[in-house]
Amino acid sequence: MLKFKKSLLLCLITIIALVLQIKYVYAEEIVENKYSTVLKDWQDRGLMDVDGVISITPSTFILSNGAEVIKKEKAFGYYKDVIHIKENNEVEFEFNVPKEGLYNISLDYYVLNNGLLPSECSVKINGVYQFYEARRIVFPQLWKSKTENFSIDRFKNEVVPQQEKIFRWNNFYFEDAAHVEPYPLKFYFKKGINKISIKLNIGEVLIGDVKIKSPEKIVNYQNYFEGISNKSEGNDLLIKIQAEKPSYKNDTSINPITSRDYEVVPYDTNRLLLNVFGGETWKKGGQTVYYEFEIPKDGLYKIAFKYSQPLKANSKVFRNISIDGNILYEELRHYGFDYSTKWKTEILGDSEGDYKVYLKKGKHVLGLQADKSIYSQLIYTLNDSINQINDLALKIRKLVGNDSDKYIDWEIKDYFPNIDEDLMNMAQGLEEQYQYAINLNGGVKNSQGLISLKSAIDLLKQLSKDPDRIPKKLNVLNEGTGSIVKELTTALEDFENQPLILDEIYIFNGNQKLPNYNVSYFKRVIEGLKRFINSFKPQEENRSENLVLNVWVNRSRNYIDVMQRMADEDFTPKTGIKVNFSLMRDEQKLILANASGTAPDVALGVSNWIPFEMGIRGAALDLKQFKDFESHSKQFSPGAFISLMAEGKCFGLPETQDFYVLFYRKDILENLNIPVPNTWQDVINILPELQRYGMNFYLPIGGSSSFKSFMTTAPFIFQYNGNLYNKDGLSTAIDSKESLKGIKLMTDLFTIYGLPMQVPNFFEHFRDGTLPIGISNFTTYVQLNVAAPELKSSWDIAPSPGIIDENGNIVRWQTGSAQSCLIFNTTKHPNEAWEFLKWWTSDKVQSRFATEIQTMFGDEYMWNTANLNAFNDMPIPREHKEVILQQWKWLREVPKTPAGYIVEREISNVWNKVVLEGKNLRASVDEAVIKINKEIARKMEEFGYIKDGKKIKEYKIPTIDEVRAWGND
């Protein structure tokens with residue numbers, strides 16, 4: 001009886017747990033469901049759009065977590081009191097809904113925060129997120145050029161002007177932050193009392209009136225035209241707008257660009273003009289540009305665009321076209337521009353004639369938004385298919401493990417009974433979208449997106465016919481080039497990108513003729529000859545006096561143009577010191593320039609080992625001679641200076657800084673129930689589970705060639721409190737007890753625990769899921785943000801794993817220096833050069849440069865400044881910034897010595913011998929120590945530390961404690 005009661009109790013507990021689990025899963029599904037899925041469910045239930053407007057004033061808001069009321073006198077011109085909310089503040093309000101149904105939400109707002117990151121909020125209705133997109137609503141922010149005319153560089157070429165945010169009251173409808181949905185988001189409200197909660201996740205804004213209103217119904221062109229009472233077209237009028245000079249825009253990276261085509265306006269034979277707009281900078285969905293223009297008289301007008309579209313071969317691109325913030329009729333939504341490598345004029349219209357818009361006298365605003373929402377269902381289908389394929393590949397790996405034996409036959413349908421139907425259904429769903437995309441593209445099938453989509457469909461059909469072969473063809477699912485996931489991802493990127501180049505915009509009426517921009521053959525020949533002749537002339541710099549400082553920069557021209565302008569606008573007026581930036585394509589030329597007596601005053605963007613190599617040979621200036629050096633050094637990570645020092649001197653400043661953090665795929669680790677490791681023992685613990693499914697953990701030491709650099713090997717030694725050199729600097733310490741522990745872990749991870757020894761590209765393996773976790777750097781971070789749209793919410797970063805010390809702390813030492821800057825010893829202006837270095841590496845300047853370079857050229861140009869305060873202002877997610885700053889507390893560079901190369905090489909040789917050749921670790925280290933000490937003695941004799949085999953003086957090895965003590969005397 002007792003056993004029966006226990007069994008009954010156990011069953012009850014199990015049932016309760018299952019019910020709770022079902023509830024939990026259901027709640028999670030509600031949160032995770034996409035808007036498109038939820039909207040379809042609502043419509044299937046018969047829920048309809050409801051007419052009417054409900055206005056909610058800020059005085060009725062319930063405030064929490066620090067939100068506050070701002071009186072209208074301080075509300076920047078708003079007509080009533082408003083609500084001020086900062087990050088993590090929340091406002092709530094209740095209101096009565098007369099009829100159940102679907103509504104839009106709009107609000108008045110004023111963005112207060114500066115910087116590139118937009119303000120974002122999340123929205124709950126009656127205490128829940130109704131769909132996933134409600135977690136992230138972005139407040140649009142507008143930008144404009146600081147100057148009406150373009151800036152001129154020293155060669156009289158035009159450069160992109162600095163951007164500034166427009167601070168003003170705006171109104172917007174809550175919309176999909178990814179701009180996949182073509183219409184504002186709809187929310188369901190029950191009849192009676194409802195509650196909306198708005199929580200600000202990022203930024204700082206003022207909130208005015210909120211309106212709950214019926215979704216707008218946009219008529220077609222015929223109904224719009226019939227509804228116009230005054231159909232007067234007036235006299236012939238032509239308003240010409242230069243597209244490269246928009247009034248404002250909603251994204252800083254949309255910019256004017258240079259075209260050397262003879263047809264563009266303006267054109268100059270000898271100068272580079274910013275004479276067209278868009279291209280690769282104007283291709284992301286939602287990017288919108290606005291042009292203000294003045295109409296002299298009420299009437300009907302036509303709109304035309306002079307454009308080219310050479311960037312997306314055999315594809316149409318689409319724009320949403322608005323007047324004064326409204327799309328006047330449906331035909332102006334998803335308006336298509338044909339592929340064209342030549343310039344052509346497009347008058348808005350269709351096969352039945354030109355479209356017209358009615359405009360009243362006065363100022364108007366024309367808006368053009370890059371539109372990918374026309375492919376919304378296709379984009380959803382592609383994303384779902386990518387997730388399904390990745391999920392299927394993971395499930396099959398769980399089944400077959402890491403066994404790729406081609407002689408084993410699997411009857412996969414015993415485990416996945418409907419796999420063939422699922423694959424065929426997926427192929428058919430993609431086939432429907434493929435046909436839809438062909439129709440949108442005017443029947444043209446040979447665009448990149450359509451070719452990749454067709455390839456994926458064919459592969460899915462092939463696998464569905466013989467699913468038992470899938471375990472042997474897992475690479476076809478999601479691994480590498482040519483896989484289904486890769487083809488779908490290529491298609492997704494192609495359909496999402498909508499690049500367009502504009503030269504001029506025309507607003508006209510009557511019988512006005514548009515400009516003829518065709519260039520005769522004769523003129524083309526003449527212009528070509530002029531360019532050829534001028535190519536032999538040296539560029540004349542636009543300057544009236546000789547510049548004081550000559551600065552060589554080991555970066556691309558884009559960076560140098562911005563640096564030159566910033567120095568001309570800020571540094572020179574403040575100090576009176578003129579600066580000339582020059583492009584240095586090869587930093588090795590610094591050595592030759594120094595030997596020939598033509599070295600610059602300052603060099604920027606050089607590798608972190610160059611200041612030491614120059615300094616130890618007397619070519620670089622010791623920066624510690626300047627009184628304020630130590631106070632200025634507090635802006636950087638102490639460990640970054642170690643590689644720049646020798647004999648108590650410091651020969652450079654950190655300019656950019658790398659970081660080595662843990663990258664991991666959230667989706668895969670959660671699916672496998674694998675925790676994010678915090679220590680190397682945690683890594684070892686999760687390896688069997690990863691490897692059971694054909695996955696693994698990545699270390700940079702496995703991503704390099706046979707030569708393993710310090711940045712991949714030294715962290716293991718440092719984490720065990722080991723050193724590369726003994727205190728006198730005249731012998732190595734890699735055979736110490738602590739160093740041996742680090743080297744042993746470094747090799748055991750490969751010999752015992754099976755980490756991959758050769759990984760040509762971690763980013764691609766991370767992307768396809770075969771290496772879902774590993775340590776990598778800033779380059780991978782940028783790649784994931786820019787080149788992996790399908791992984792937007794599927795990855796994250798954490799601090800690098802480490803070793804637990806005797807005090808219970810996790811020691812996470814990693815290297816991280818990137819580029820540095822130095823002053824040459826031959827400079828005639830050392831004080832001026834130091835003033836320039838201080839200015840360039842200061843908080844304010846580095847923060848401004850990071851913003852401007854990313855503003856002008858996009859996220860690909862994210863600037864990894866070494867200035868900690870400036871990095872804190874970087875436009876990257878706060879949670880990622882916190883991880884990186886935490887890891888930078890454990891930044892420790894390798895100290896440089898004249899014989900450092902032999903230490904680096906021999907540690908690499910130890911790894912190769914132990915891991916690849918199976919040799920004994922201790923014997924390999926002992927052999928390396930003999931070679932290292934012999935070479936150290938030779939080099940130290942060359943530099944005067946040893947004579948006739950005897951030590952004359954010690955070589956002081958710099959330490960972090962030494963750097964931390966700077967300025968504390």
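User: What counts as a contact, and how are helices assigned, before I read a helix pair here?
Analyst: Contact means heavy atoms within 4.5 Å. Helices (H or I, at least four residues) and strands (E, at least two) are DSSP runs, numbered from the N terminus. This is a predicted model: local features need pLDDT of at least 70, side-chain atom pairs count only at pLDDT 80 or more, and totals for chains, interfaces and linings use all residues. Residues are numbered from 1 along each chain as its sequence is written, and side-chain values use heavy atoms, with hydrogens and water left out.

User: Which residues of α5 and α6 meet?
Analyst: From α5, the list includes Leu423, Met426, Leu430 and Tyr434. From α6, it includes Leu450, Leu453, Ile457 and Leu460. By class, this contact has 13 nonpolar, 1 polar and 4 charged residues. Ala, Val, Leu, Ile, Met, Phe, Trp, Tyr, Cys and Pro count as nonpolar, Asp, Glu, Lys and Arg as charged, and the others, Gly among them, as polar.

User: How do I read the packing geometry?
Analyst: Two packed helices are described by the angle between their axes and the distance between the axes. Axes are lines fitted to C-alpha atoms, for helices over the stretch in contact, and angles run from 0 to 180 degrees between N-to-C directions. Here α5 (residues 419-440) and α6 (residues 448-465) pack at about 160 degrees, with axes 9 Å apart. They are therefore roughly antiparallel (angles over 145 degrees).

User: At what angle do α4 and α5 pack?
Analyst: Helix α4 (residues 376-400) packs on α5 at about 160 degrees, with the axes 10 Å apart. The residues of this contact divide into 10 nonpolar, 6 polar and no charged.

User: How many salt bridges does the structure hold?
Analyst: A salt bridge is a side-chain nitrogen of Lys or Arg within 4 Å of a carboxyl oxygen of Asp or Glu. The structure holds 48. One of them joins Glu92 and Lys195, with the closest N and O atoms 3.9 Å apart. Glu92 lies in β5 (residues 90-97) and Lys195 in β15 (residues 192-202), so the pair ties together parts 103 residues apart in sequence.

Note on methods: Parallel < 35°, antiparallel > 145°, perpendicular 65-115°, else oblique.
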